[in-house]
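Thank you all for making time this morning. I would like to walk you through one structure, and I ask you to keep it in view while I talk.

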Amino acid sequence: MPSEFELIRQFFVRPTSHTLLGVGDDAALIAPTPGCELVISTDLLVEGTHFLANTEPFDLGWKTLAVNVSDMAAMGATPRWATLAAALPAPTLDWLDAFSRGFFACAEAFKIDLIGGDTTRGPRAFCVTIMGEVPAGAALLRSGAQVGDSIWVSGTPGRAALGLAHLQGRITLAEPQLDQCLAALHRPQPRVVLGLALRGLATAAIDVSDGLLADLGHILTASHCAAKLHIPHLPPAGLARDCYLSGGDDYELIFTLPAAHRRFMTPLAVEIDLPLTCIGTITSSVPNTSDRLVIHDDQGLPITPTRHGFDHFL
């Protein structure tokens with residue numbers, strides 16, 4: 001078995017394009033673009049909690065980085081650099097080769113340099129810290145939503161959760177839905193192009209990692225406001241509806257827009273080839289946080305969700 005450092009050299013040392021000094025020293029050296037602020041985020045993926053033990057290693061490599069890239073998208077930032085820390089029980093060369101190819105496929109798709117990290121023996125887990133850039137003062141925050149703003153979501157939430165439900169035997173999906181849901185689960189597509197386009201348009205944004213209602217709730221809390229949701233084409237009551245509202249792991253973007261900017265959404269959706277759906281309105285703040293969300297389906301009937309999303313400690 002190769003040593004720890006031989007494994008790093010074999011699978012995780014690649015040429016960099018916008019880094020002064022990358023993997024191989026005690027630390028990396030980077031030079032942010034003048035006039036830009038650094039945007040930094042960290043995510044940890046643990047086997048059995050964030051991915052199944054039999055997940056294909058190429059897919060896992062892609063997803064390990066992609067979920068972090070999604071945080072950059074939600075901030076309206078351009079992803080630039082990442083570090084990777086990996087715990088592995090007993091690394092096999094074929095598995096590591098596929099994992100690293102998936103990781104670097106995502107890195108190349110979004111022009112990200114891997115600039116460092118760490119490896120250790122232990123239960124399989126991966127931790128990425130990602131860094132990006134945004135022009136000073138232009139970052140999309142959770143705290144900017146205003147009363148009267150419309151609420152939008154990209155893509156089709158719920159697919160990843162439905163794909164997981166299929167793998168767990170809780171539902172049986174048929175093609176082409178099965179392929180779409182498994183693709184959403186295993187190879188999420190960070191909405192970086194959308195995030196960049198929303199700079200100067202959106203008042204707030206977040207990515208859907210823990211569930212549409214849970215993540216929208218973070219915007220409402222940070223912005224001290226409430227929301228009324230009228231969701232078009234919402235699945236009928238049952239697992240599909242629960243996945244849409246609360247499933248998470250989609251990495252679509254939820255964002256809010258002032259009335260003057262709604263007219264840009266139809267041409268933007270066409271330009272980036274991505275559905276953008278208005279699902280509600282920001283309303284005045286309320287004293288009781290449990291009353292912040294009022295939800296109706298597309299027939300105007302009230303909905304009381306059984307849960308709002310995923311929480312590691314609940």
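Let me begin with a term: a residue is called buried when its relative accessible area is under 20%, exposed when it is over 50%, and partly exposed in between, using a 1.4 Å probe and protein chains only. What we have here is a predicted model, in which local features need pLDDT of at least 70 and side-chain atom pairs count only at pLDDT 80 or more, while totals for chains, interfaces and linings use all residues. Residues are numbered from 1 along each chain as its sequence is written, and side-chain values use heavy atoms, with hydrogens and water left out.

I will start with the aromatic residues. Phe99 is buried, with a relative accessible area of 0%, and Phe126 is buried as well, at 1%. Rings of Phe, Tyr and Trp (for Trp, its six-membered ring) are said to pair if their centres lie within 6.5 Å, and planes under 30 degrees apart count as stacked, over 60 as edge-to-face and the rest as tilted. Searching the whole structure gives seven aromatic pairs. One of them is Trp95 with Phe99, a stacked pair at 5.4 Å centre to centre, with 10° between the planes. The rings of Phe99 and Phe126 have centres 4.5 Å apart and planes at 20°, so this pair is stacked too. Helices (H or I, at least four residues) and strands (E, at least two) are DSSP runs, numbered from the N terminus. Because Phe99 lies in helix H3 and Phe126 in strand S4, their pair ties together parts that are 27 residues apart in sequence. Phe51, Trp95, Phe99, Phe103, Phe104 and Phe126 form one aromatic cluster. The charged end of Arg124 sits over the ring of Trp95, 4.5 Å from its centre, where sitting over a ring means that NZ of Lys or CZ of Arg is within 6 Å of the ring centre and within 35 degrees of the ring normal.

Turning to the helices, how enclosed is H2 by the rest of the structure? Of its 18 residues, 17 are buried, so H2 is largely enclosed. H2 is followed by Gly76, whose phi is positive, near 70°.

Helices H4 and H5 pack at an angle of about 105°, with their axes 7 Å apart; axes are lines fitted to C-alpha atoms, for helices over the stretch in contact, and angles run from 0 to 180 degrees between N-to-C directions. H4 and H5 are therefore roughly perpendicular, given that angles under 35 degrees count as roughly parallel, over 145 as roughly antiparallel, 65 to 115 as roughly perpendicular and the rest as oblique. In the loop between H4 and H5 we find Pro176, which a cis peptide bond joins to Glu175, with omega about 5°.

Finally, some loop residues. Most residues other than glycine have a negative phi. Asp249, however, has a positive phi of about 70°, and with 18% relative accessibility this residue counts as buried. Asp273 also has a positive phi, of about 55°, but Asp273 is exposed, with a relative accessible area of 69%. Lys111, in the loop between H3 and strand S3, is likewise exposed, at 61%. Leaving aside residues up to four places away in sequence, Lys111 touches His18, Pro79 and Arg80, contact meaning heavy atoms within 4.5 Å.
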